[in-house]
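Hi everyone, thanks for making the time. I'd like to walk you through one structure today, so please have a look at it while I talk.

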Amino acid sequence: MDLGKGLRTALAKLTGRALVDEAAVKEFLRDIQRVLIANDVPVKLVFELSKRIEKRVLGAEAAPGLSLREQVVRAIYDELVALLGEKYEPDLRPRRLVLLGLYGSGKTTTCGKLAQFYKKRGLSVALVCADTDRPAAYAQLQQLSAKCGASFHGIEGEKEAKKILQRHLPLLKEDLVIVDSAGRSGFDEELVKQLKIIVEEVKPQEKILVMSADIGQTAARQAEQFNTAVGLTGVIITKLDGSGKGGGALAACHAAKVPVLYIGRGEKLEDFEPFDSKKFVGRLLGFPDFEALMEKIKEAGVQAEMKEQQMDKLTLGAFYSQLKAARKMGPLSSVFGMMGMSDLPPDMMKTSEQKLKKYEAIIGSMTQHERDNAEVLRKQKGRIERIAKGAGAKPEEVRELLTQFEKMANLVNGFKKNRGLRKKLEKMMGKSGVDMSKLQGMMGG
Ligand SMILES: Nc1nc2c(ncn2[C@@H]2O[C@H](COP(=O)(O)OP(=O)(O)OP(=O)(O)O)[C@@H](O)[C@H]2O)c(=O)[nH]1
Ligand SMILES: [Mg+2]
């Protein structure tokens, strides 16, 4: 499962729970550990992260005024951002860059992406081909420069990078000079020798390692090797669009203290942006920013904590407003938890979302009296058929909804009759009101 999907599923499972208690938090942390490790985040970092979250939300550091649900989400967000590193602010000063890295990591493509990125920000850009190994390298970079409007420099067929650089560099007037270098199947002395010649000639302000996201946590070792050999100023991680291991590569670079400057998210020149861990985590979790995420979590909390007054008699109307709110809230809805389905697998969750739409239509075509007194529906013939017709649904679907509703209502009634259990619960929760949501959790829902 890819990182984003794994995290979103774990989060939806947690926030959809009727009762978020210590056990639920621990289970959530186990889910998160599994997802991160499967996505190649170094195990040591994963355990440190979950320990910090646990301490933060279950220990003395817990922030007052936030529900446990909100605290866990805040903590996981902060920790993921911290795991992946800093935001990069692009430098717009005139300078020279050399791109380096192993075969096929995306160096040449990234030269084009960088050129376009800086051109759009008003800099003039020159691209220089110093890849003297691969015959097609020259034409590839030439095409890219034509696409983004950068000037292009190189000597076709020349086998010595030094000659190319000595001939062209003195003539360049552009603000930004980007030099593409030859790849290699692995890190070795020959590569280092080549790179040293290029660095010697270019005297670049930035030496940037280009790595593909699919190498996962081995990114750390690669970055360290190149760093020792030529001294890196940063890395660019490419192919984050295709690899679930991207999180691993990012986390590994951060742990190795090599900053991630940009990320590539596709083959086109536009599929490129400065690295911003908050934006990255937001995308993984499916929210544009942290505030939007917290908003949803709060709503989910409110939903899951259905008020006691609604317990007096569960009506289809109350049920309906829950469904409506749940639909608005998307995958983090708590209505599943309420219906005792908090452990629903993600694919079932999808179909259920469609079903919710159906249910909404069905309840929408009932009269107020029917919504308040659902028991009349099965008693009087023809009602179910009429409602089904009005909602564009099958009569079985109406019955299915009624069964769901009755299950829920039975739980509520059963609970109300069980005074002993209620007393115990009240004592446990330390307040007079009893949330129906919590009661659901208690009853194994
Ligand atoms: N999906 C995806 N593909 C990418 C990305 N960056 C580069 N590629 C593709 O990866 C392949 C290799 O890219 P190049 O830019 O030629 O890589 P290179 O490091 O210059 O390769 P050599 O010069 O042979 O060492 C090409 O097919 C690119 O289109 C990216 O961010 N996402
Ligand atoms: Mg290349």
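This is a predicted model: local features need pLDDT of at least 70, side-chain atom pairs count only at pLDDT 80 or more; totals for chains, interfaces and linings use all residues.

Ile178 belongs to the largest nonpolar core, a set of 90 residues. Together with Val179, Val235, Ile237 and Cys253, Ile178 is among the residues that touch the most other members of that core. Which element gives the largest share of the core? That is helix α4, residues 68-84, with 8 residues. As general background, nonpolar side chains tend to be buried together in soluble globular proteins. There is also a second, separate core of 11 residues, and among its members are Ile362, Met366, Ala374 and Ala391.

While we are on α4, let me point out Arg69, which is placed in that helix. Is Arg69 buried or exposed? Arg69 has 24 other C-beta atoms within 10 Å, and the cut-off for buried is 20 or more, so Arg69 is buried.

Let me zoom in on β2, residues 125-130. This strand is mostly covered, with 6 of its 6 residues buried. In a regular strand, side chains alternate between the two faces of the sheet. In β2, Val125, Leu127 and Cys129 point one way, while Ala126, Val128 and Ala130 point the other way, and all are buried.

What does β2 pair with? On one hand there is β4, residues 176-181, which runs parallel to β2 and is joined to it by 6 bridges. In that pairing, Val128 stands opposite Val179. On the other hand there is β3, residues 151-153, paired with β2 in the parallel sense over 3 bridges. There, Leu127 stands opposite Phe152. To get from β2 to β3, the chain passes through helix α6 (residues 137-148), and this β-α-β crossover is right-handed.

Further along the sheet, β6 (residues 234-238) and β7 (residues 260-264) also pair in the parallel sense, over 3 bridges. Val235, which we met in the core, stands opposite Val260 in β7.

And the helices against this sheet?

Next, α10 (246-255), and a few backbone details. In α10, 9 of the 10 residues are buried, so this helix is largely enclosed by the rest of the structure. The buried ones include Gly246, Gly247, Gly248 and Cys253, and Cys253 was on our list of core residues too. Just after α10, Lys257 takes a positive phi of about 60°. In the loop between β6 and α10 sits Lys239, where phi is near 60°, a positive value in a residue other than glycine. Lys239 counts as buried, with 24 C-beta neighbours inside 10 Å. Asp40, in the loop between α2 (22-38) and α3 (43-58), has a positive phi of about 70° although it is not a glycine. Asp40 is buried as well, with 24 other C-beta atoms within 10 Å.

To finish, the overall numbers. The protein has 22 helices and 8 strands. Of its 445 residues, 41% count as buried. Among contacts with a separation of 6 or more, 75% are between residues 24 or more positions apart.

Conventions
Residues are numbered from 1 along each chain as its sequence is written. Chains are lettered from A and ligands numbered from 1 in the order in which they are written. A nonpolar core is a set of buried Ala, Val, Leu, Ile, Met, Phe, Trp, Tyr and Cys residues joined through C-beta atoms within 7 Å. A residue is buried if 20 or more other C-beta atoms lie within 10 Å of its own, exposed if 12 or fewer, and partly exposed in between; C-beta atoms are placed from the backbone. Helices (H or I, at least four residues) and strands (E, at least two) are DSSP runs, numbered from the N terminus. Two strands pair if DSSP finds at least two bridges between them. A crossover is right-handed if, with the strands pointing away from the viewer, the path from the first strand over the helix to the second runs clockwise. Two residues are in contact if their C-beta atoms, placed from the backbone, lie within 7 Å.
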